[in-house]
Amino acid sequence: MTARSDLIEQASLIAPNSVHQPLMSRIGRWGLGFGAVLLFGWMCHNLELRVDVLVRGFTKLGTLTKAMFPPFANGAELKILQALLVTLAMAMTGTIMGIVVALPLGSVGAKNLIRNPILHFAVRRTLDFLRGVPVLVWALIMISAFGLGPIAGVIALALADFPHLAKQFAEALENSDPRPSQAILASGGNRLEAMRLGLLPQVVPVMASQSLYTLESNFRHAAILGVVGAGGIGFELEERIRIFAFDQVAWIVVAYVASVTLLDWISSQLRSRLI
Amino acid sequence: MSKSIDQGSPSDPASLSLEQIVENFEAERSRALRRGRLFQLVQVLCLTALLSGAFQASGLFSSYLGDGAIGRIADFLARLLPKLQADHLFADRATAGSLAFWFYDLDLWLKLLAETVQIAIVATVLGAIFALPLSFLAARNLTPAPLIYWTVRRTSELVRTLPDIIVALILVAAFGLGPIPGVIALTLGTTASLTKLFAEANEAADMHQLEALQSAGGNWWQQLRFGLIPQVLPTMASYSLLRLEINVGAAAALGIVGAGGIGVELSRAITFTEFDTYFAVLLLIVGLIFVLDLTSEAIRHRLMGVEQAA
């Protein structure tokens, strides 16, 4: 025992704060923790997150979950698969439109291509602002502009994607190595050749990989856009939740999860080949 | 391509003259190039077919957007903007054309924005609390059994494929309208994604410190508390803040399906075609997310600084 207390004494000589923290810092730390817990409790109170409400809700959720088994499509298998395909088509079209808009904007936003700092700043800040708008919010606007249907969802996806893609494209361009282009210029190539042979081989795989990633996330987003009326699988799902047909809901969810997994797998295979 | 060039000269190179070798090489090279071009052509054709199918199915060409679609969009955008009048911009709520008239229900909107932030914070905190123990099970270097590792990882992947909105939609059917389904839906998504991120932080941790504690007689809990947590806590806090940013945006959107917060007001404004109100609320949401991004970025940079210094 003496050896142990000796060791503690030795340690407190070398690093006093690690053995005995000053009282004030301990009080401060406990106070901060207590305050955080209090704040959290206050928030839960504001949101009416109470035990009885939770128990009641989860009991009802249990009944709903029981109604989900076994999943049953009620003869609408083909319709649901078709809706999944429409959702995929929306995701792809939205991604392509997003890429088309993002390419020129990304090039303007890249410091090494456009040297005008005012233009650069304006583009970047505008993109920052647009990135804050959730895709569902765009969808609501587009549905009231174009009416119900997949096209509103496609435009909403493109609008939500292009600020992200433009930023990523700009970063890909900025991260490229300037030396291949310089080498081509030095050996007598013109600027077009320097871009085609020096810059593009570096950035195209990165951009393609980011576009595939966007496609994956768009497939998820396209599914939720259907909930507000933009067609596709979300529409079918919302309809069936409304009428409490939870066995059909379960069938749709299973089909949806399977197709998301499949798309993610294909996309990750393609991406690993690109880079 | 290089493989076919290697196979292209079966005869002994020593017996061939230089011209023949060059000729063989050139022939082989043009054949390989031709094959490559054909492959590219097939790829381009497949992609074109796929994309035109997608364009067709999503109604890009067939949709009737009305006469002068551009004009209609412009008209719609004009309706989004409020009709402000310069001479009584700062007049009270009753005067048409003032800022207060545009933001006519600001008190309610700020309350709903606060609710949105609270939904996001509560869901992030709960998600992080649930994800911490799960992340030990889902880290290859800490898990008690490979089967548990596999189960936790696959479950978290499965939950992550379900969008928050769809989970919230089902939960609204069980819990009724209000913030609670939003909190639960976001907690579920946050737990799943933070479990994965935390587990990766755990896997990147230096195991020597845990071994040192073990050799000095520390038990499992002490190893985690003094060997692992100090290493991974800054990373975990930074991931949680990042998730908080995402959750604020998601919480704003969840209101559209009736799960509380500012989204309720957004969908109300659209239903009543109050497009200028919609724009006002949208500005508030984007402003909130912008401020939050800057704050959390500053905090994250400080945390990362702490991590690098430690």
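Mentor: Chain B is divided into domain 1 (2–57) and domain 2 (103–309), with bounds that come from an automatic or database domain assignment. The centres of domain 1 of chain B and domain 2 of chain B, taken over C-alpha atoms, are separated by 50 Å. This is a predicted model, in which local features need pLDDT of at least 70, side-chain atom pairs count only at pLDDT 80 or more, and totals for chains, interfaces and linings use all residues. Residues are numbered from 1 along each chain as its sequence is written, while chains are lettered from A and ligands numbered from 1 in the order in which they are written.

Now to the meeting of the chains. In all, 44 residues of chain A are in contact with 45 residues of chain B (contact means C-beta atoms, placed from the backbone, within 7 Å). Several helices of chain A each supply at least two residues of the side that touches chain B, among them α3 (23–46), α5 (77–109), α10 (191–225) and α12 (246–274); helices are DSSP runs of H or I with at least four residues, numbered from the N terminus. The most comes from α5(A), with 7 residues. By type, this side of chain A has 33 nonpolar, 7 polar and 4 charged residues (nonpolar: Ala, Val, Leu, Ile, Met, Phe, Trp, Tyr, Cys and Pro; charged: Asp, Glu, Lys and Arg; polar: the others, Gly among them).

Here is the close look at one helix pair. The axes of α10(A) and α12(A) are 9 Å apart, and the angle between them is about 175°; axes are lines fitted to C-alpha atoms over the stretch in contact, and angles run from 0 to 180 degrees between N-to-C directions. The two helices α10(A) and α12(A) are therefore roughly antiparallel, the word for angles over 145 degrees. Residues making the contact include A:Leu212 and A:Phe219 of α10(A) and A:Leu263 and A:Leu270 of α12(A). The contact of α10(A) with α12(A) comprises 11 nonpolar, 2 polar and 4 charged residues.

Let us finish with a loop. A:Phe244 lies in the loop between α11 and α12 of chain A. Its phi is positive, near 55°, in a residue other than glycine. A:Phe244 counts as exposed because it has 11 C-beta neighbours inside 10 Å (exposed means 12 or fewer other C-beta atoms within 10 Å, buried 20 or more, and partly exposed in between, with C-beta atoms placed from the backbone).

Conventions. Contact = placed C-beta atoms within 7 Å. Parallel < 35°, antiparallel > 145°, perpendicular 65-115°, else oblique.
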